[in-house]
Amino acid sequence: MQSEQGPIEGVFSIERMAKIGTGTTARRVKQTALYYVRETEDGIMELQGLNNKHVPFGPVETLSKDELLADYLPMPQLFKEVVGNLRMVQKSVARGDKFRKRGENFTAEYEYANALNLDEQNVRANFGIGLCLLARDEEDKAKKVFDRILGLDMAFSDDHKHLFNEYGIALRKKKLFGQAVDYYRRALDLSHDDENLWYNLARAQFERQDWAACAEATAKCLDLNPLHEEGRKIMEYLTKKSLV
């Protein structure tokens, strides 16, 4: 737990009443929820729940400092463990990214698995394992991983749109054009005004020879950036071949 002079960072708990059971066996019991809390520069408290291995996971909630101090109990005895676990996850993911970029996919997968052992919902680690599997042509396993990612709320934050984009490119290179289109559309749900995502979607549709969808995506790309060179080339091709 940081000192009172600096921004608040620590582990806090709150007791809430919860209903368990159904019908005549239903009863209300007290449950303790644990949160990792960090104070932002503008004094807002960001809370993230802890999983059963004491690692922050899931969506980030916010509340005021007054609300935190009034309703939550500090748990300084857990702070060192939580921060240590968080750093282990971050380091394992960073090592996994490093090895994957060097083409050492088995070693990368090992590092990602270490991260997922502590935080099974870590988006970067899940994406990383999926990309490793795809690089090894284990497409069925990779698809299961990415289907799991689509069930993670945290996957749909703006921070992760580049991962959807990277996976879409990998799928396209494997000639899995239908899946590439699906994942680019997911990425565009996160960032509708990214001309490069629209261009990559157009490329995947081009490979499928879905000319109408290709033209639509290319037009979106060029609306956002009329000077997008690769997008202009696709549109020129479609126009020359009377495909639009």
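In the predicted model, helix α4 meets helix α6 through Val 123, Arg 124, Phe 127, Leu 131 and Leu 134 on the α4 side and Leu 163, Phe 164, Glu 166, Tyr 167, Ala 170 and Leu 171 on the α6 side. Sorted by class, this contact between α4 and α6 has 9 nonpolar residues, 2 charged residues and no polar ones. Helix α4 covers residues 123–135 and helix α6 covers residues 161–173. Their axes come within 11 Å of each other and cross at roughly 10 degrees. Because angles under 35 degrees count as roughly parallel, α4 is roughly parallel to α6.

Strand β3 pairs with strand β2, residues 27–39, in an antiparallel arrangement joined by 5 bridges. Within this pairing, Met 45 of β3 stands opposite Glu 39. Strands β2 and β3 form a hairpin with 5 residues between the strands. In this hairpin, Gly 43 takes a positive phi near 85 degrees.

Strand β3 also pairs with strand β4, which comprises residues 56–63. This pairing is antiparallel as well and extends over 5 bridges. Leu 47 has Glu 61 in β4 as its bridge partner. The hairpin formed by β3 and β4 has 5 residues between the two strands. His 54, located in the turn, has a positive phi of about 60 degrees.

Definitions and conventions: Residues are numbered from 1 along each chain as its sequence is written. This is a predicted model: local features need pLDDT of at least 70, side-chain atom pairs count only at pLDDT 80 or more; totals for chains, interfaces and linings use all residues. Side-chain values use heavy atoms; hydrogens and water are left out. Two strands pair if DSSP finds at least two bridges between them. Helices (H or I, at least four residues) and strands (E, at least two) are DSSP runs, numbered from the N terminus. Axes are lines fitted to C-alpha atoms, for helices over the stretch in contact, and angles run from 0 to 180 degrees between N-to-C directions. Angles under 35 degrees count as roughly parallel, over 145 as roughly antiparallel, 65 to 115 as roughly perpendicular and the rest as oblique. Contact means heavy atoms within 4.5 Å. Ala, Val, Leu, Ile, Met, Phe, Trp, Tyr, Cys and Pro count as nonpolar, Asp, Glu, Lys and Arg as charged, and the others, Gly among them, as polar.
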